[in-house]
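I opened the notebook to record what I looked up in one structure. The entries follow the order in which I worked.

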Amino acid sequence: MGNTSVVLRNVSKQFHRKTSGPLTALSDVNLEIAPGEIYALVGPSGCGKSTILNLVAGFDHPTGGSVTVDGQPVSRPGPDRGVVFQEHGLFPWLTAMDNVRFGLDVRKIPDSAEKAQYFLRAVGLAGFEKHYPRELSGGMRQRVALARVLANGPSVILMDEPFGALDAQTRLSMQELLLDVWTEFRPTILFITHDVDEAIFVADRIGVMTTRPGRIMTELRSALPRPRTYHDLASAEFGRLKEQILMSIREVIAAKTE
Ligand SMILES: Nc1ncnc2c1ncn2[C@@H]1O[C@H](COP(=O)(O)OP(=O)(O)OP(=O)(O)O)[C@@H](O)[C@H]1O
Ligand SMILES: [Mg+2]
């Protein structure tokens, strides 16, 4: 596995649009995420965060440069990389249990029911196996989406604003859940968020992106301990990171308006 899990080297991405010229979404992006690291990406809307995630997921391909996961070039989506979006993407006609089992059954993995149950329990949903998505709250649906990803045993979890649609209180409990899940399974996590506090609370490192064409402008390493609690939100280290991130974001915005 080596000492890197996700590597983007000199990655660029152009989109070809029918009605106007090509659009350069990413230019010269370099990113290395270590195995078991939680890396948060913040940056202005449209800077290319989701584009990066899509390249790592294998939903799209770079125009230039390389994207590798555990040393292998990414060519297509795979169960080694689980994706959680803001919208849970559950099948509404399947129960929580059957949503989590679905991918396992497609891949003919044995004991899928037991595995699904185990991961639903891990995200705090024991007793809700037979509920349909419409019978669950927004936070619970995101828990099912996370259980579905975990059931595949991914080495990398890619999360694009996963808690963005949740109310503040649910969001906090989901952040804690994510850290619990990380403690238990130690996946590598790429976590995209607009919320600076959220980025600091969950991440080992935080990358701040420039406006389009996006690059990673600054990377900050967190010295917050693990396991983390909400007391850490009031710590000096939290304040230091927040100030630095906000300063970087201001620089990005200032550079845009020059
Ligand atoms: N399939 C596509 N075709 C054309 N342009 C695209 C496509 N996907 C993304 N883009 C453009 O690439 C740029 C980066 O988009 P991306 O979705 O990665 O931004 P983002 O940082 O995730 O933004 P947000 O924070 O709003 O989610 C944007 O200008 C967007 O319009
Ligand atoms: Mg996005």
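**Conventions.** I am working with a predicted model, in which local features need pLDDT of at least 70 and side-chain atom pairs count only at pLDDT 80 or more, while totals for chains, interfaces and linings use all residues. I number residues from 1 along each chain as its sequence is written, letter chains from A and number ligands from 1 in the order in which they are written, and take side-chain values from heavy atoms, with hydrogens and water left out.

**Ligand 1.** I first asked which residues come nearest to ligand 1. Of the 13 residues around ligand 1, these are Ser45, Gly46, Lys49, Ser50 and Thr51, where a residue counts as near if one of its heavy atoms lies within 4 Å.

I then looked up polar contacts, meaning pairs of N or O atoms within 3.5 Å; within protein, one atom must be able to donate a hydrogen and the other to accept it, and residues adjacent in sequence count only if both atoms are side-chain atoms. The side chain of Ser45 places an N or O atom 2.5 Å from an oxygen atom of ligand 1, and a polar side-chain atom of Thr51 lies 2.5 Å from an oxygen atom of the ligand. For Gly46 I noted a backbone N or O atom, 2.8 Å from an oxygen atom of ligand 1. On its own, ligand 1 has 630 Å² of accessible area, of which the protein covers 63%; such areas come from the Shrake-Rupley method with a 1.4 Å probe, and for residues only the protein chains shown count as cover.

I sorted the shell by class, with Ala, Val, Leu, Ile, Met, Phe, Trp, Tyr, Cys and Pro as nonpolar, Asp, Glu, Lys and Arg as charged, and the others, Gly among them, as polar. The shell around ligand 1 has six polar, five nonpolar and two charged residues. By element, β2 (23–33) and α1 (49–57) each supply at least two shell residues, and the largest share, three residues, comes from α1. Helices (H or I, at least four residues) and strands (E, at least two) are DSSP runs, numbered from the N terminus.

**Four-stranded sheet.** I next traced an open, antiparallel sheet of four strands in the order β2-β1-β4-β5, counting two strands as paired if DSSP finds at least two bridges between them. Its edge strands are β2 and β5 (72–73), each pairing on one side only. Seven bridges join β1 to β2, and Leu8 stands opposite Leu31 in β2. Five bridges join β1 (6–15) to β4 (64–69); here I found Ser12 partnered with Gly64 and Val7 with Thr68. α1 lies across β1, β2 and β4, at about 115° to β1; contact means heavy atoms within 4.5 Å, and angles run from 0 to 180 degrees between N-to-C directions, with axes fitted to C-alpha atoms, for helices over the stretch in contact.

**Six-stranded sheet.** I found a mixed, open sheet in the order β6-β7-β8-β3-β9-β10. Both β6 (81–85) and β10 (216–221) stand at the edges with a single partner strand, so one side of each is left without a neighbour in the sheet. Neighbouring strands of this sheet are turned by 15° against each other on average, direction ignored. β9 (205–209) and β10 pair antiparallel over five bridges, with Ile206 partnered by Leu220 in β10. α1 also packs on this sheet, touching β3 (38–42), β6, β7 (156–160), β8 (188–192) and β9, and makes about 150° with the direction of β7. Helix α5 (168–185) lies across β3, β7 and β8, at about 160° to β8.

**Backbone details.** Most residues other than glycine have a negative phi, and most peptide bonds are trans. Against that background I noted a cis bond from Arg212 to Pro213, with omega near -5°, and Pro213 lies in the loop between β9 and β10. A cis bond also runs from Arg226 to Pro227, with omega near -5°, and Pro227 is in the loop between β10 and α7 (236–257). Asp28, in strand β2, has a positive phi of about 55° although it is not a glycine.
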